[in-house]
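Here's a quick tour of a protein structure, written for someone new to reading them. Have a look at the chains first, then work through the points below.

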Amino acid sequence: MININDIKTILATDCGSTTTKAILIEKIEDHFMLTYRGEAPTTVEEPFEDVTRGVLNSIIEIEELSGRKILNKDKITTPSNNDEGVDVYISTSSAGGGLQMMVAGVVKSMTAESAQRAALGAGSIVMDVLASNDKRLFHEKVKRIRDLRPDMILLSGGVDGGTISHVVKLAEVLEAANPKPRLGLDFKIPVIYAGNNKASDEINSKLKGITDLEIVDNIRPKLEQENLEPSRNKIHDLFMEHVMAQAPGYQKLMSWTDAPIMPTPGAVGEIIKKIAEKNNISVVGVDIGGATTDVFSVFKGIFNRTVSANLGMSYSICNVLAESGYDYIARWLPFEIDQEDLTNRIANKMIRPTTIPQSMEELIVEQSLAREALRLSFIQHKQFAVSLKGVQQKRTISDAFEQTSSGKTLVDMLELDLIVGSGGVLSHAPRRHQAFLMMVDSFSPLGITQIAVDSIFMMPQLGVLSSIHPEAALEVFDRDCLVRLGTSINPIIKNKSGEFELFSYAFSYNNKDYNGVIKSNDLELLEIPYEPIDLRLTPKSNVDLGSGFGQEINKTVYGGEVGILFDGRINNIKGQSISQDKNKIKEYYNKTKVYSL
Amino acid sequence: MSKSYTPGLKILKNTKILKERRLPLKGDINCKVGDKVGNSTIVASTFIPGNIHMVNVINQLNIDAQSIKDYLTVKIDDLVKKDDIIAENKGMFGFFKTQVKSPIEGKVSNISSTTGQIMISEPDIPIEIDAYIDGEIIEIIDNEGIVLKSNGSLIQGIIGVGGEKNGELIFLEDNPNEYEGKIVVIKESINKSQYDTYSGKGAIGIVAGGFDYQSLSDILGYRLGVAITGTESIPTTLMVTEGFGDVQMSDKTYRILKDHSGKKASINGATQIRAGVIRPEVIITLPNQSDIHQDFNEDDLIIKENSKVRVIRDPYFGKIGIVKGLPSEPVKIDSETKARVAEIEFENNERKLVPRANLEIILE
């Protein structure tokens with residue numbers, strides 16, 4: 001790779017399970033900016049079975065749009081030579097099902113949970129968590145490992161110097177299962193041991209012959225210390241060496257890139273962490289894909305990632321239907337639809353995952369499903385992102401937890417400053433208003449929350465770019481990636497029956513005074529751009545907007561491409577909209593300019 | 001020029017068919033290159049390890065794990081019967097011995113002096129892989145499986161459930177009397193009650209144009225959340241050629257199948273629509289067929305003017321037409337999405353713009 005100061009053109013691709021996206025970043029007048037974008041179907045499957053075909057097609061699209069010649073006989077020209085080629089090429093990937101792992105630990109809520117956090121933080125899908133106390137019998141665990149055939153296993157358990165028998169027992173489960181990798185029978189499955197150092201020799205003697213065993217520092221060297229970084233780094237290394245190397249065409253792709261290929265969720269996590277770090281704020285990020293939905297959060301500097309492996313907008317869209325049910329999807333629709341018709345449409349999207357909604361009705365159905373996929377994924381995230389029990393950890397920004405009360409969720413909706421959405425259904429929504437309301441409806445924010453979206457779904461590429469050129473990544477992120485949609489204001493209400501006033505608002509913008517009163521089951525959207533606004537909110541005595549019931553708030557908030565939403569829609573105890581009135585739903589959509597109905 | 005590929009199912013009348021038959025674990029190959037095999041010929045076999053039972057010896061004998069060796073009456077790899085003594089203590093003056101018995105018949109596969117447990121494995125379970133279709137072995141994959149070659153018709157469906165089966169092709173429109181062991185082809189969309197009818201009459205496979213999602217859920221007993229199928233234990237394998245809802249099988253698919261009425265066919269419902277797509281299929285092997293059409297090549301999958309296409313999403317779902325134009329600039333469609341589109345002339349001469357992503361090329 002050329003000297004970092006000489007880099008002027010960067011090509012980055014993200015090989016998703018459905019689509020391969022390419023972006024071209026160029027340094028123009030001392031500033032890095034996104035200049036062109038191309039995309040093409042991912043080609044890991046028959047008849048192509050070579051990921052590089054999709055990569056080349058997405059690059060050809062950039063060539064056509066930019067007029068810049070990047071390829072020379074199906075090879076990327078690096079470094080650039082005047083107007084040809086690029087200086088750096090990097091890529092992320094989640095194609096081929098991503099990285100699928102099993103993790104094991106002695107105590108389910110302690111070492112096993114730490115192992116799960118390390119695996120998720122590295123960008124993997126955790127297929128199952130084995131623990132000595134998970135109430136499954138020995139042979140059931142053995143069968144589970146044999147059936148699932150993960151790409152990799154992370155084994156942890158015990159503090160350094162402590163009892164070894166429990167973790168050795170877990171190793172005996174692996175030994176008995178004699179697991180085989182998902183891809184390539186000639187290879188041994190990679191197993192990372194990150195447990196009690198006193199047990200390393202025993203683990204080695206049991207697993208060395210049948211697995212590709214790597215021993216790293218203990219994930220819980222002491223009860224009060226969690227140390228995820230060594231395991232996470234080893235997962236990344238083995239992902240490249242074993243999993244990627246087995247997927248069709250990846251050997252070739254790996255030889256093209258100037259930095260290791262990152263799992264897509266790992267790359268998105270990098271960018272989310274950087275937003276939180278740079279602005280010192282609490283952030284929830286979401287990346288909704290075809291197969292999975294990833295939720296990231298940073299609260300009080302603590303990073304968490306969860307992946308909902310079977311909640312997505314195409315391959316696993318029927319699972320959204322299965323988990324939420326017809327009624328939960330239909331409640332977002334401003335029209336009646338026959339249940340059989342709706343379920344068949346959803347099932348057809350599953351079997352033909354690359355299709356797009358042509359009619360407005362199809363778009364509304366798809367965005368209703370997205371609301372449910374996001375809502376369910378966020379519930380899972382809140383359940384997982386909890387503090388450890390009475391433990392103080394060694395922390396890095398990415399994976400440490402601080403000591404709080406036991407098992408309490410770290411996700412505090414009143415503390416949340418910013419929600420960032422990414423993924424096709426949010427980034428490519430025809431109107432930004434649609435992405436805005438989808439996130440408000442599914443995350444149910446409380447108080448004052450900013451909403452933003454990844455402009456064209458490029459957070460994965462910027463995440464991997466940040467590993468080699470952070471300056472370019474952050475510059476493009478601020479300038480071209482993050483679209484500030486606006487602010488949503490959502491009250492907590494004590495008494496939820498009948499129609500009543502919730503709060504009033506007052507502010508001035510552009511020499512004009514804005515005053516209004518928001519009633520229950522009403523909402524108002526004011527189109528204010530991304531500029532600081534000194535807003536005064538006066539809630540009624542049974543309403544809390546973040547400072548307590550009946551407490552006035554004076555705060556600087558920002559509008560955005562959509563504006564400021566004062567949301568008086570009343571949610572039931574589960575945080576779900578209770579309106580069954582299709583006319584009312586239509587009115588909400590029209591008032592927020594989400595659809596013109 | 002950028003290429004716009006469309007997803008396409010293989011609907012091939014005469015083609016070369018290659019089938020890889022792999023064991024889940026390494027094992028024995030029972031044939032050699034050049035062998036002619038029938039669909040039921042066992043081409044490879046292996047054993048998968050039997051279930052594991054753990055016996056906690058140290059708890060039962062109240063001893064330390066490290067001293068377990070002193071109490072054993074068996075060693076690794078010994079075969080044991082149920083209730084055979086596998087460990088015992090010395091008791092008092094040779095009396096009052098505590099004995100640990102094997103809970104099953106099997107083999108002692110591990111003795112751990114760390115955890116104090118004896119692991120006994122049930123006998124290994126034999127696994128055999130048949131050829132699935134008639135053909136000739138052209139490659140041996142060392143200890144893992146074989147590749148066999150055949151000629152014939154290959155029809156892929158869009159989704160299926162149920163595993164590999166072999167049977168004679170019959171057609172509902174011919175009002176057959178006998179369904180036992182047969183594969184029934186139905187041009188129209190069917191529901192669970194029709195599926196149950198033919199399954200009840202003994203059909204081992206059903207090929208239909210469409211199906212509805214609720215019926216599929218009813219057959220499986222759960223809602224199919226992710227399209228990964230093939231291991232369902234249902235008596236009748238189902239392959240759907242077009243999709244969910246009221247949709248007919250394409251004429252071409254039906255015609256090819258109809259040409260093989262009464263012939264032996266292989267059907268497999270296994271579907272996996274992610275991470276290496278697998279589509280369900282019906283294969284009719286024609287060993288003596290020499291007039292092999294060239295298999296489609298990559299360029300056939302590119303939408304061009306005059307390509308014959310089918311729309312695979314509402315509002316024109318299932319309609320067939322000819323591509324008349326391919327505007328290079330993205331066009332704002334009814335959903336307000338900007339998409340690359342194709343102008344399609346449908347069979348009734350009506351012309352509509354349809355996103356290219358919603359088209360499936362029909363390979364002639």
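This is a predicted model: local features need pLDDT of at least 70, side-chain atom pairs count only at pLDDT 80 or more; totals for chains, interfaces and linings use all residues.

Let's start with a proline: Pro315(B) sits in the loop between β23 (308-311) and β24 (320-325) of chain B.

More on the backbone, over in chain A:

- Thr78(A) and Pro79(A) are also joined by a cis peptide bond, and here omega is about -10°.
- You'll find Pro79(A) in the loop between α1 (51-66) and β4 (88-93) of chain A.
- Asn280(A) isn't a glycine, yet its phi is positive, at about 55°.
- To spot Asn280(A), go to the loop between α8 (264-279) and β11 (283-288) of chain A.

**Where the two chains meet**

- How many residues does each chain bring to the contact? Chain B gives 63 residues and chain A gives 64 residues.
- The size of an interface is often given as the accessible area lost when the parts come together.
- For chain B and chain A, that buried area is about 5500 Å², with 55% of it on carbon and sulfur atoms.
- There are 19 residue pairs in polar contact between chain B and chain A, counting pairs with both residues at pLDDT 80 or more.
- On the side of chain B that touches chain A, the elements that each give two or more residues are β5 (52-56), β10 (117-121), β19 (237-244) and β28 (351-355) of chain B.
- Sorted by class, that side of chain B has 33 nonpolar, 14 polar and 16 charged residues.

**Salt bridges**

- Side chains of opposite charge can pair when their charged atoms come close.
- Over all chains, the structure holds 60 salt bridges.
- The interface of chain B and chain A has 6 salt bridges across it.
- Glu366(A) and Arg313(B) make a salt bridge, and their closest N and O atoms are 2.6 Å apart.
- Within chain B, Lys19(B) pairs with Glu281(B) in a salt bridge, at 2.9 Å from N to O.
- Lys19(B) belongs to strand β1 (residues 11-22) of chain B and Glu281(B) to strand β22 (residues 281-285) of chain B, so this pair ties together parts that are 262 residues apart in sequence.

- Which residues make the nonpolar surface patch of about 610 Å²? They're Met92(B), Phe93(B), Phe95(B) and Phe96(B).
- To find Met92(B), look in the loop between β7 (85-88) and β8 (99-101) of chain B.

Definitions and conventions
Residues are numbered from 1 along each chain as its sequence is written. Chains are lettered from A and ligands numbered from 1 in the order in which they are written. Side-chain values use heavy atoms; hydrogens and water are left out. Contact means heavy atoms within 4.5 Å. Buried area is the accessible area (1.4 Å probe) that two parts lose on being put together, summed over both. A salt bridge is a side-chain nitrogen of Lys or Arg within 4 Å of a carboxyl oxygen of Asp or Glu. A polar contact is a pair of N or O atoms within 3.5 Å; within protein, one must be able to donate a hydrogen and the other to accept it, and residues adjacent in sequence count only if both atoms are side-chain atoms. Helices (H or I, at least four residues) and strands (E, at least two) are DSSP runs, numbered from the N terminus. Ala, Val, Leu, Ile, Met, Phe, Trp, Tyr, Cys and Pro count as nonpolar, Asp, Glu, Lys and Arg as charged, and the others, Gly among them, as polar. Patches are made of residues with over 30% relative accessible area and no salt bridge: like charges are joined within 9 Å, nonpolar side chains (Val, Leu, Ile, Met, Phe, Trp, Tyr) within 5 Å. Accessible areas come from the Shrake-Rupley method with a 1.4 Å probe; for residues, only the protein chains shown count as cover.
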